[in-house]
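Here is a brief report for a first look at this structure. Start with the sequence and the model, then read on.

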Amino acid sequence: MGITLRRFLGVQPSKALLLLPFLLTFVLVGSQGEGNAMDNVATERMAEESHRQDSANLLIFIMLLTLTILTIWLFKHRRFRFLHETGLAMIYGLLVGVILRFGVHVPQSMSDLVLSCAVNASPATLLVNVSGRFYEYTLKGEVSRSKGHQVQDDEMLRKVTFDPEVFFNILLPPIIFHAGYSLKRRHFFRNIGSILAYAFMGTVISCFVIGLIMYGFVSFMKVVGQLGGDFYFTDCLFFGAIVSATDPVTVLAIFNELKVDVDLYALLFGESVLNDAVAIVLSSSIVAYQPAGDNSHSFEAMAMLKSFGIFLGVFSGSFALGVATGVMTALVTKFTKLRDFPLLETALFFLMSWSTFLLAEACGFTGVVAVLFCGITQAHYTYNNLSPESQDRTKQLFELLNFLAENFIFSYMGLTLFSFQSHVFNPLFIIGAFVAVFLGRAANIYPLSFLLNLGRKNKIGSNFQHVMMFAGLRGAMTFALSIRDTATYARQMMFSTTLLIVFFTVWICGGGTMPMLSFMSILVGVDSDQENSSSAVLDGSQRRNTKHESAWPFRIWYNFDHNYLKPLLTHSGPPLTATLPACCGPLARCLTSPQAYENEGQLHDDDSDFILNDANVSSMYADVTVSTDASGSRTINRKHSSTASTGGDDGLDHELALAEHEVAIRGTRLVLPMDDPVELPTTVTLPPPPSPPRSDPRRHRL
């Protein structure tokens, strides 16, 4: 031993014995370092493999969207309208789901260990002590209920299953914002009373009708022993709320392509836009229902009133937050020179609009409501402040995002039918759901239409009601609400049934839109601009009736908005120096931009048709009347501002009477250029006695 130590260490044996502990420590540390290095290499390999698999999964969805776009082009080229792109995306998603579920199998990894421990709950985070080193594991969900199931296959299917928050924070905001930003405000506000009735009262009625019917089916399932878990009345109401959110994207696309009657389009589109917001707030209020006592599912009046208060508070708070963000963006774009830099202007507009959703969710409100009304506010005010380049960019940007997000969601629906691990398909519950959805939609449309027709001059015909009943499709919002929580047996059964409802309504109801329009004799080929121009031949009494058909609160709102809010937030409208009192002169001059004086005598108020219904030859600003003569030259006549600034009907009657006088004298009507640059402005010549309106030659039946 002494010889060996002297030979290798070059020291005396006594000294070598003193160095022996340090030598052993060095050997142990070296071996531990080699083990750590091997662990790091293995971890890097796993991370690289996971990255490659995630890229392949995203590539699957990109290929789905690419295939969908190419097939859409083929359908449009062949004029095939029986299947919309959303239904097509679902079919492709189903095919990919079948392949991933049954055609792809991942070999079992030898490094996977299955250990058993007596734990009654499933902790979200698990710390495991392996030889003194602690490792953190995160709960992904239940792998399988059967012991023989392949864990690796479940892992592969989980890879193509997205976190529900991805839908709410990334995919839903552009869809909802685009609905508000592209809203045709003229026809929307012309039917605002009916739209609000269908969206608010109709959604609540549908929710409770569906909830009561489903509670009856669930009670029957308990009696016959077909229910495998707890299912309470609040769960039935929650199911009624999420399936009451309509998304007739297929029907509306066909309506827009065929130019269906604008009032029918406005009623259906307006209801679908608002009832999504109502449905999500209503579902949140039902979840917040907490009666006192041990039984959290018993009926209690105070708890119900509290939930109703939560509904009003969340909806009004979200509404205020969305409008405030839109107003803030309008002020920033008005009082800065961002329009000189269109790229920065577009980026700010995009970020402010998207942050509305996240801000509302972070504050405990509903982002869907906030971003919807933010889009309407941005279109009404901020859009007027943007440069022409930014106006085109924002329209195209959100239209593109809406198209991609919507088709992505529908293709993911088809994939989820096979990739979701905890489906619960109950035949009795599915049959009851279809019956309840049909009866709930009928209870929404027909009684409310009857009540609304009592006060409407332009009646909602029975054929319109049947089409609205048929067009109550379910889509992205229903799917997003149902997939957000699938932890319990009841929520899993709701989600599986909701998928089938969406498939049926999109394929059957969406595909049957053309035969339904033909069967109900709905007019198509109706140009909204041509319809508005034909109203110029109405006589004086009919013209006043047209004015009275618009809701009186919005006639008052129009005057206030036109004289004060539009000049404050945009460069359009009359200058504040002409509408505010003289004592507010310094403030008015400070808040009025130089562009407002330049635009003072120009005709570009898009909302004048809320009251004037686009049937007048003059557009009244506070102190400016712009008219035209037979030669097409424009005349600007200034008058006192009190007539236009008054909010009563006398000022409107005077304005309409002045328009009729100009029509009778000049015999021509000013028609603004339409969006299509190919069509020329239309001139309507009137004989000395006004003649009744003629039938529109552009209208025809299917």
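## Terms and confidence

A residue is called buried under 20% relative accessible area, exposed over 50%, and partly exposed in between.

The model is predicted. The mean pLDDT of the chain is 75, and 68% of the residues reach 70 or more. Confidence stays under 50 over residues 1-9. It is also under 50 over residues 690-702. Where pLDDT is low, the predicted coordinates should not be read in detail.

## A hairpin in the open

Strand β1 covers residues 125-130 and runs antiparallel to β2. The two are joined by 6 bridges. Leu126 stands opposite Tyr137 of β2. The hairpin has 2 residues between its strands, and Ser131 takes a positive phi near 55°.

Strand β2 spans residues 133-138. Of its 6 residues, 0 are buried, so the strand lies largely in the open.

## Salt bridges

The model has 4 salt bridges. One of them pairs Glu49 with Arg52, with the closest N and O atoms 3.6 Å apart. Both residues sit in helix α2, 3 residues apart, about one turn of the helix. Glu49 is partly exposed at 43%, while Arg52 is exposed at 52%.

Glu361 forms a salt bridge with Arg484, at 3.9 Å between the closest N and O atoms. Glu361 lies in helix α12 and Arg484 in the loop between α17 and α18, so the pair ties together parts 123 residues apart in sequence. Glu361 is partly exposed, with a relative accessible area of 25%. Arg484 is partly exposed at 35%.

Asp485 pairs with Arg491, the closest N and O atoms being 2.9 Å apart. Asp485 is partly exposed at 33%, whereas Arg491 is buried at 13%.

Definitions and conventions:
Residues numbered from 1 in each chain as written. Predicted model: local features only at pLDDT ≥ 70, side-chain atom pairs only at ≥ 80, totals over all residues. Heavy atoms only, no water. pLDDT = per-residue confidence, 0-100. Contact = heavy atoms within 4.5 Å. Buried < 20%, exposed > 50% of the residue type's maximum accessible area, 1.4 Å probe, protein only. Helix = DSSP H or I, 4+ residues; strand = E, 2+ residues; numbered from the N terminus. Pairing = 2+ DSSP bridges. Salt bridge = Lys/Arg side-chain N within 4 Å of Asp/Glu carboxyl O.
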